[in-house]
Amino acid sequence: MTGPVLHVVGARPNMPKAAPVLRALASRDVPQLLVHTGQHYDDVMSASLIRDLGMPEPDINLGIGSGPHGRQTGLVLQAIEPLLVEHQPAIVVVYGDVNSTLAAALAAVKLHIAVAHVEAGLRSFDRTMPEEINRRLVDHVSDLLLVTAPEGLVNLAAEGVDPARCHLVGNPMIDSLVATLGRIDAAATRTRLGLPHDYVLATMHRPANIDDEQTARTTRDVLAEVATRIPVVLPVHPRSRVALAHLDAAPGVLIRDPLDYPDFLAALAGARAVITDSGGVQEETTSLGVSCLTMRTTTERPITITHGTNRLVAPADVLRVLDEVLQSPPATTSAPPLWDGRAGERIADVLVATIATADRGGR
Ligand code: UD1
């Protein structure tokens with residue numbers, strides 16, 4: 001093999017997707033290099049998550065940190081290029097749709113290094129979301145598109161992406177969920193966290209729900225109103241700290257710092273329902289069979305609605321839908337195809353086969 005498999009991670013949601021792939025390749029003795037861009041840097045957003053997932057320590061941390069989109073993306077692009085030149089990876093693997101993902105994919109493709117995109121093909125069709133721009137661009141510069149759900153294949157075909165480059169591999173984030181819940185005592189964790197018996201878990205961090213003062217007020221009002229019905233546990237993402245801080249005073253709202261990954265999964269698994277704007281949480285609740293109200297107008301993960309427990313709900317409808325959910329028996333789901341805890345192995349199969357073909361001069 002010419003060079004290592006070089007993985008690039010940067011933000012919290014990259015880690016549970018990368019961990020199973022790193023593990024599966026390590027078990028096959030494939031040389032690997034893990035590069036962390038430093039987009040996320042708080043312990044709970046990065047280092048403790050890496051430890052909890054049993055990932056190796058990153059070989060290199062670019063220490064990019066926070067900033068406006070152009071600056072953050074540009075700094076990663078600039079910092080990663082010389083690394084790629086130095087290490088000449090056989091392939092660069094990027095995850096999800098964050099700014100680090102776009103920057104790394106762009107740097108690699110311009111150096112004629114193959115790019116594999118894990119979580120390819122998702123589309124919200126909402127171009128105001130930074131993630132939608134990132135995922136479209138990354139898909140179109142990638143050599144290998146590793147797709148979590150069948151609609152991803154449809155989206156990519158509609159955009160003219162060669163189907164031979166697309167592989168339905170399932171969802172590696174569910175590998176991490178299954179492995180983590182398999183090794184912890186979720187009920188004991190909830191007791192340690194002091195969670196009430198019945199509660200709604202809420203997470204809110206999208207710019208659309210947080211950044212503008214008026215929408216932030218609507219978000220706060222909805223959560224405060226829900227808390228008059230049932231306690232709301234609200235682990236607050238760092239970017240939402242200021243916007244959601246006033247909720248501290250709202251009766252029934254239990255504001256928490258961001259939770260460690262195993263603690264968060266235990267809290268999700270025990271919730272009566274979840275209110276969120278996160279992409280990953282829509283998938284995790286579908287896997288767990290916990291009802292999910294997504295406070296957005298679109299989702300790039302429609303399989304969580306067709307197969308899962310997810311509903312898109314406008315702020316004005318949250319209370320009504322939540323009442324329905326709380327009065328119904330637990331949601332039923334049929335797990336989306338290949339969300340079975342073995343996606344990391346399938347991704348490793350595709351990567352190893354692709355590298356072997358390239359080594360034989362087939363690229
Ligand atoms: C990023 C991703 C988003 C993902 C989210 C998960 C992009 C465009 N967005 O959004 O898709 O859902 O991660 O968390 O890449 N901050 C800290 N500590 C940290 C990291 C961030 O305090 O460790 C604060 C800073 O104030 C920073 C803000 O959060 O300015 C936003 O961080 P950033 O990485 O730009 O975007 P996220 O909102 O985290």
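Which of the 18 residues around the ligand come nearest? In this predicted model, they are H40, Y41, N99, E131 and R239.

**View 1. The ligand and its shell.** The ligand sits in the largest pocket. Around the ligand are 18 residues. By class, the shell divides into 5 nonpolar, 8 polar and 5 charged residues. H40, Y41, N99, E131 and R239 come nearest to the ligand.

View 2. Three residues are picked out here, Q39, Y41 and E131. The side chain of Q39 places an N or O atom 2.9 Å from an oxygen atom of the ligand. Y41 uses its backbone instead: a backbone N or O atom lies 2.9 Å from a ligand oxygen. For E131, an N or O atom of the side chain is 2.5 Å from an oxygen atom of the ligand. On its own, the ligand has 740 Å² of accessible area, and the protein covers 84% of that.

**View 3. The open sheet.** The sheet is built from 7 strands. Their order is β3-β2-β1-β4-β5-β6-β7. The pairing is parallel, and the sheet is open. Its edge strands are β3 (60-61) and β7 (166-168). Each edge strand pairs on one side only.

**View 4. The pairing of β4 with β5.** Strand β4 spans residues 91-95, and strand β5 spans residues 115-120. They pair in the parallel sense over 4 bridges. V93 has A116 in β5 as its bridge partner.

Key:
Residues are numbered from 1 along each chain as its sequence is written. This is a predicted model: local features need pLDDT of at least 70, side-chain atom pairs count only at pLDDT 80 or more; totals for chains, interfaces and linings use all residues. Side-chain values use heavy atoms; hydrogens and water are left out. Two strands pair if DSSP finds at least two bridges between them. Helices (H or I, at least four residues) and strands (E, at least two) are DSSP runs, numbered from the N terminus. A residue is near a molecule or strand if one of its heavy atoms lies within 4 Å of it. A polar contact is a pair of N or O atoms within 3.5 Å; within protein, one must be able to donate a hydrogen and the other to accept it, and residues adjacent in sequence count only if both atoms are side-chain atoms. Accessible areas come from the Shrake-Rupley method with a 1.4 Å probe; for residues, only the protein chains shown count as cover. On a 1 Å grid over the protein atoms alone, a cavity is a set of points where a 1.4 Å probe fits but cannot get out, and a pocket is an open set with protein on both sides within 12 Å along at least five of seven lines; lining residues have an atom within 4 Å of a point. A molecule sits in a cavity or pocket if more than half of its atoms lie within 2 Å of its grid points. Ala, Val, Leu, Ile, Met, Phe, Trp, Tyr, Cys and Pro count as nonpolar, Asp, Glu, Lys and Arg as charged, and the others, Gly among them, as polar.
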